[in-house]
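Me: I would like to go through some salt bridges and a helix contact in the structure below, with the cut-offs stated as we go.

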Amino acid sequence: MLRQSLFLILCFSTISLSLWSQEYTFKNYSVRDGVAQSQVYALLQDHRGYIWMGTRGGGITAFDGKDFKTFTEKDGLINNYVFCLKQDADQKLWIGTNKGLSSYNGKHFVNYHYGSKEEKFWVSDLATESSSKRLWLASNRGVLLFENGKFREPDVLGELPHELVNSILVDPQGIVWFGTGKGLFRIRPEGNKLLCESMGKISHYMNNAITCIRRNAKGQLWIGTYGGGAYYYDQGKFSKPDQNQELYRKTILDIHFDLEGVVRLASLSNGVISYHPEDRSFGELTEKEGLSNNHIRAILQDNCGNFWFGTSGGGVCHYFGKQFTTYNTSSGLGGNFIYSVFRDSQRRLWVGNSQQGLSCQTDSGFVQFNADNGFLNTKVKAICEDELGQLYFGTDGLGLYRYDGDTIVLCTGMDRKYIRSLVRDQRGRIWAATAGHGVFRIDPKNPGASPLIFNSSNGLPQDRVNSLFEDRIGRIWFGTESEGLGFIHNQQVYPEIIRKEQGLASNSIRSLAGDQRGNLWVGTAGSGVSFFPLYGDDQKYGTRIKSYQLQDGLTSANVYLLCFDSKDNLIIGSEAGLDLLVLDRQCRILQLEQYGRGDGFTGVETCQNSSFLDRDGTMWFGTINGLSHYNPARNVKNTNPPILHLTDVKLFYESLATTNYKEQVEDWNTVKQLVLPYDQNHLSFNFLGINLNNMDDVRYQWRLAGFDADWSPVSSDHQIVYSNLGPGKYLFLVRSCNEDGVWTPHPVRLPIEIMAPYWMNWWFIAGEVLLALLIIGFIIRWYIRRIRSQENEEKRKLQLQKNIVELEQKALRLQMNPHFIFNALNSIQALIGSGNEQQARYFLAKFSGLMRQILANSRKNMISLEEEVKLIENYLMVERFCNGDRFDYEIEVTEGLETDYIQVPPMIIQPFIENAIKHGFKDIDGVSNQKRNVLRVSFAEEKGQLICEVSDNGIGRKKSAEINQKSMETYHESTALLVTRERLELFESEKGSASLEIDDLYDENGQASGTKIVIRIPIN
């Protein structure tokens, strides 16, 4: 037996008040969390929702609810020791420091020094005028005006103090109030001048050292002093708010007024002091309530209504004021793993924590029950109380213990048991579920009796039981680790076990709970929750079991605890926090609320069956990181939507501000309109909705009008990428909602235009169309001209062929000269008549052969030179015979000339030979030539041309023309020459260059000695 001695009672009575838990929900941020420095002298929430923190040595830090970003001298800040922060109407941030003034527009800093950089100058506070853009500065040089980048002293009547000014304020009437170490002063308009006067003349209180000046919504001026508390100025009179000297000797460093009119005072050593004007009462928030430090330098209320306190040495405290309060080792608990929680009939709260036994909460705080004071260092997994007021503590492996207020004893038969659940039934008996030994029933009225045991030997499906529940008719329901669900009634295990085959979500049961509707709820390991009605005639539970799982909205299907609040709402605990389900009469989900770290439920992961519903309707939850107290009455809907803005626009994953298009990025990295060329079409949008109530539950929707048909699904992602955007105009829209589904009233908009490439512009397309029309027109025109040319060419060829035919006919007629034929036949006849028949037959054969050659060649356009030479030779032989052998002839062909290859027009030379014989060899004045007539025909090749020469030693053309004129015989010569020229011209148009030359020959005396004909024909 373990005895709890008087030492325990002494512990109850002497325990320090400092062990009491925090009564408010705080989240403290320090250097290890990302705050630049632990001394935070200034706080400000900007237009984007960011919290700015001015530190004494670390620069300024911006906080978006999740991440911290610090700016120091390395980033361009004038000095890292910051006194004050202010944002003007143009959204420019002003920072007063130890070395002067800085401004920041979200892109870069601009610094302003007073005099030289080495001159000692700092800005303690600053104020803006609503009517102008100038600033009033509180500095170590007194009151200064800052306008257009210049510092100057205000021109005032009266004496202007030049000592250190701690605080400054400009009221709506344009009166400037400022406080120094020697009291409160004001500068007010006096005609066209400004008058400076000391307020110490009106009230001796205002001769104290003034630390801060603030103005509330009612127009009252509140003044904080060093060591003299606070005062307010209303209708020309200074008054003290503390009637009972609550602020006696207290130094007030900042003053804030909330929306309900409550005044909060930042004190030098007393934390945050609140003053309620309605009942003129005071309250305090100190380190005892959860503040990180009692030295408060600045107070800020954010847009969600929560408070931020800047401390000197403790960083920043964020006061939520939400429905969860957390207790841990710093609150006096023995450990942070909370395995069980129970409030007894004496209103004491018992907590099983870590492996340190129990902690008990009393009016004085928490006291410990462990190995140091009479109990055990063990895990207490279950706690309950019997009708006699005795408490039962179920341990993890050390059995079940009973505490009667004086002693703690081990229950009979319960040694070395792993207790998982304890239940007191309607008859006052205690039921204990164990891991490995089944279910035990203990009679508190007979503590020495052995317990009644239910295990696998008498009907229990498994000896590892995790949870117990008693229904209205006295049945004890048990949930096993892997064999489903059943109940014990009338000291017997009901044989019908409910398993997965009967509709249960899983056979692994962790928790059981019953609602006021008469349903049993079953929490499973990994499969959500199942439920079914307990009462009715039909005991076939498998036909009525229903389940809720992840697809129904649960945060996790891994259930650790089930319980119901005072309104019969189901609460499910898991490793991911709490789910609160509001159900209708048919147990359909009407509303589902989720609570995690961002909602103040900082423990997040719950411990198995570690919950308790208190009489006042509040609830207690054991987690792996402390004990959470939940007050549903403070569950107020957050009606403030997140403050949404675009944090960055990226082009091909590079921030737009660092690209060639950075001129489109304005202050605070905003982009009002984006215009890009066609090949810059890969865009990423980063956005953030700042909800300082709960950043984890902010959700987003976006749409790119012109690309997306509809809004995206609701998502926690705050980045979206669009690639390969085509030319055109788009509109990017994004909106966000908070944890209660309140959406931003107007989406953030960014018009975007992707310019078309030059080849898609109208002027280029018009030019292309015009060029295409011109080309088509040109092609059509060329085609028509080509057709016409072809037609003309065909006509020309036809005409040429016609001309050739006609010329050939003419040539043939010339060649077939009737005189020649008549003379040849007469000559042959004469031979026959003279009896020279053999010679007559010879020449008749030659003549007939010549006729055949002429007729055969007349059907050809071209003949070989060899054929032409044979024809000429036959013709000359016949001519000389017909002319009585009165001339000789010579035919010369240059050696190597390819006579069988070279083609010439047929009978092209014959007319000139005939002319030479007929006209060149004529008698002159009836007198025969004294010389022998010779006709020479030669063929040679020169520069790709066939040179055909016909020369004679006759009388020449001039003499021949005179003779012909007298005889009127001119037709044959002129016609032959004309036809030959035409034939050569036709030949030249088809084959290339051809020419005809006629030269007169003269002897040494200048007398005509013949004629030479030169015909040049190209060799193909």
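Me: Is Lys133 buried or exposed, and at what relative accessible area?
Reply: Buried means under 20% relative accessible area, exposed over 50%, and partly exposed in between, with a 1.4 Å probe and protein chains only. This is a predicted model, in which local features need pLDDT of at least 70 and side-chain atom pairs count only at pLDDT 80 or more, while totals for chains, interfaces and linings use all residues. Residues are numbered from 1 along each chain as its sequence is written, and side-chain values use heavy atoms, with hydrogens and water left out. By that scale Lys133 is exposed, its relative accessible area being 71%.

Me: With which residue does Asp90 form a salt bridge?
Reply: A salt bridge is a side-chain nitrogen of Lys or Arg within 4 Å of a carboxyl oxygen of Asp or Glu. Asp90, which is partly exposed at a relative accessible area of 46%, has its closest N and O atoms 3.3 Å apart in such a pair, and the partner is Lys133.

Me: Where in the chain do Asp90 and Lys133 lie, and how many residues apart are they?
Reply: Strands are DSSP runs (E, at least two residues) and helices likewise (H or I, at least four), numbered from the N terminus. Asp90 is in the loop between strand 7 (82–87) and strand 8 (93–97), whereas Lys133 is in the loop between strand 11 (123–128) and strand 12 (135–139). The pair therefore links distant parts of the chain by the definition of its elements, and the separation is 43 residues.

Me: Which residues are linked with Arg188 in a network of salt bridges?
Reply: Arg188, partly exposed at 23% relative accessibility, forms a salt bridge with Glu197, the closest N and O atoms being 2.8 Å apart. The network links Arg188 with Arg186, Glu190 and Glu197.

Me: At what angle do the axes of helix 5 and helix 6 cross?
Reply: Axes are lines fitted to C-alpha atoms, for helices over the stretch in contact, and angles run from 0 to 180 degrees between N-to-C directions. The axes of helix 5 (residues 865–882) and helix 6 (residues 910–920) come within 11 Å, and they cross at roughly 20 degrees.
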